[in-house]
Amino acid sequence: MNTGYSFDICGARLTALGSGALWWADHGLLCVSDLHLGKAERVARRGGSALPPYETTDTLIRLAAELDRLPVRVVMCLGDSFDDLQAAHALPEAARLTLTQLQAGRQWLWIEGNHDPGPVALGGEHLAEVTIGPLRFRHIAQPDTQAEVSGHYHPKARLRLRGRAVTRPAFLYDDQRLIMPAFGTYTGGLFSDAPVLQALMGPQACAILTGPQPTAIPMPR
């Protein structure tokens with residue numbers, strides 16, 4: 001079983017999973033960021049290119065797989081869980097049923113994002129941010145903040161392997177903060193050498209590439 005890549009931030013022992021989820025075993029906490037459920041519906045509603053309408057199902061299947069294999073007591077969705085509020089209201093009934101089943105017996109925290117700034121008609125708690133142990137969880141990183149876990153930027157990293165370029169979503173972390181990759185199926189990404197990410201991350205920051213074997217490298221700049 002893929003156990004992920006473990007590291008420490010401010011005394012918290014965390015594990016970056018190959019799926020892009022974060023596991024905090026001491027609290028039984030699984031954190032995922034930027035699900036962007038309903039993106040295909042939102043793009044079609046706004047007149048964009050038609051996307052195969054399967055991303056919500058695929059995202060929830062992958063989330064369910066992590067919940068099945070780990071002793072999860074708390075699930076935290078770290079903002080932009082829905083592509084916008086109308087997409088949340090337009091979720092197919094099957095997706096709503098799946099979410100209800102995944103929530104059963106667990107504490108479920110929806111952290112507000114810039115795409116979904118208000119509560120939706122689903123179970124769980126809706127919060128702007130939350131502090132657990134030494135860590136503060138919020139959607140968008142704040143400069144000069146310590147012990148912070150955030151999402152929003154969909155970070156990804158590129159490296160050369162055997163003469164070819166490999167690009168994957170990535171966790172970015174240093175001794176004070178972690179920025180999560182997007183978990184949603186139809187989500188792009190921002191390369192780690194983008195100025196906004198360089199400004200947020202310390203000089204010793206690492207990127208943990210997602211995939212079958214999560215791997216940490218110096219954050220590409």
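In this structure, the side chain of Arg177 reaches the backbone oxygen of Thr145 at 3.5 Å, a polar contact, meaning a pair of N or O atoms within 3.5 Å of which, within protein, one must be able to donate a hydrogen and the other to accept it, while residues adjacent in sequence count only if both atoms are side-chain atoms. The model is predicted, so local features need pLDDT of at least 70 and side-chain atom pairs count only at pLDDT 80 or more, whereas totals for chains, interfaces and linings use all residues. Residues are numbered from 1 along each chain as its sequence is written, and side-chain values use heavy atoms, with hydrogens and water left out.

- Arg177 lies in strand 13, residues 177-179, where strands (E, at least two residues) and helices (H or I, at least four) are DSSP runs numbered from the N terminus.
- Arg177 counts as buried because its relative accessibility is 4%; buried means under 20% relative accessible area, exposed over 50%, and partly exposed in between, with a 1.4 Å probe and protein chains only.
- Arg177 and Thr145 are 32 residues apart in sequence, and their C-alpha atoms are 7.9 Å apart in space.
- The side chain of Arg177 also reaches the backbone oxygen of Leu200, at 3.2 Å, and it joins the side chain of Glu148 in a polar contact of 2.2 Å.
- Leaving aside neighbours within four places in sequence, the residues in contact with Arg177 include Ile9, Pro143, Leu172 and Met201, contact meaning heavy atoms within 4.5 Å.

**Two residues of helix 2**

- Asp58 lies in helix 2, which covers residues 55-69, and Asp58 counts as partly exposed because its relative accessibility is 32%.
- The side chain of Asp58 makes a polar contact of 2.6 Å with the side chain of Thr185, and Asp58 is 126 residues from Gly184 in sequence but 8.5 Å from it in space, C-alpha to C-alpha.
- Glu66 is also placed in helix 2, and this residue is buried, with a relative accessible area of 5%.
- The side chains of Glu66 and Ser19 are joined by a polar contact of 2.5 Å, and, with neighbours within four places in sequence left aside, Glu66 is in contact with Leu17, Ser19, Leu30 and Val72.

**Helix 2 against helix 4**

- The axes of helix 2 and helix 4 (residues 93-103) come within 11 Å and cross at roughly 15°; axes are lines fitted to C-alpha atoms, for helices over the stretch in contact, and angles run from 0 to 180 degrees between N-to-C directions.
- The two helices are therefore roughly parallel to each other, a term for angles under 35 degrees, with over 145 being roughly antiparallel, 65 to 115 roughly perpendicular and the rest oblique.
- Thr56, Leu60, Leu63, Ala64 and Leu67 in helix 2 meet Ala95, Thr98, Leu99 and Leu102 in helix 4.
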